[in-house]
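Reader: Please present the model and take me through the packing of its secondary structure elements.

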Amino acid sequence: MVAVHGRTREQGYGGMAEYDTVAAVKQAVRIPVVANGDIDTPQKAREVLAATGADAIMIGRAAQGRPWIFREIAHFLETGEQAPPPSVADVKTWLVDHLGDHYRLHGEYAGVRSARKHIGWTLRGLPGGEEFRARMNAIETCEAQIEAVADWFAALADRSPLMPAAPRAADPAIH
């Protein structure tokens, strides 16, 4: 199999992916082709598969802080319908578990600091997320970080049991 990213090295994370090259590779080879680049919604996944004839898609940055995107895409491709968003409680559990694994891997000092970006990815675009993220950057211990995340998600769950929609389009500021 071969994965083809629809963006040049010179583009880096900027610009928009193009899929004509992916389609040309698919026509030229007899092995499975995986399309990658700017696939950040279930609808975009369907569009890229249709435009390229690729056998599969690869998700990269769109999964940062949003691992349920794979479930959303699978549901949409299977049913043509948008999947319901995950519950706030499920996202809180996922993030707390993820942070625990992260701290075990990196230790407290490095773990707390590098976890800030993981927390930020999850909060981006959510109501009150940027303000909380700013406060999060001052927290220095694993325990305090976990407690703050749990409290923030508990407050969000009081307002809405399901995750509110957050912008995820191919906005370079988001990535």
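Author: The axes of helix α4 (residues 88-106) and helix α5 (residues 108-123) come within 8 Å and cross at roughly 150°. Helices are DSSP runs of H or I with at least four residues, strands are runs of E with at least two, and both are numbered from the N terminus. Axes are lines fitted to C-alpha atoms, for helices over the stretch in contact, with angles from 0 to 180 degrees between N-to-C directions. This is a predicted model, in which local features need pLDDT of at least 70 and side-chain atom pairs count only at pLDDT 80 or more, while totals for chains, interfaces and linings use all residues. Residues are numbered from 1 along each chain as its sequence is written, and side-chain values use heavy atoms, without hydrogens and water.

Reader: Is α4 roughly parallel or antiparallel to α5?

Author: The two axes cross at roughly 150°. Angles under 35 degrees count as roughly parallel, over 145 as roughly antiparallel, 65 to 115 as roughly perpendicular and the rest as oblique. Therefore α4 is, relative to α5, roughly antiparallel.

Reader: Which strands stand at the edges of the sheet?

Author: The open sheet has 3 strands in the order β1-β2-β3, with parallel pairing, where a pair requires at least two bridges found by DSSP. Each edge strand has a single partner, so one side of it is left without a neighbour in the sheet; these strands are β1 (2-5) and β3 (56-58).

Reader: Which residue of β3 is the bridge partner of Ala-35?

Author: Strand β2 (residues 33-36) pairs with β3 in the parallel sense over 3 bridges. The partner of Ala-35 in β3 is Ile-57.
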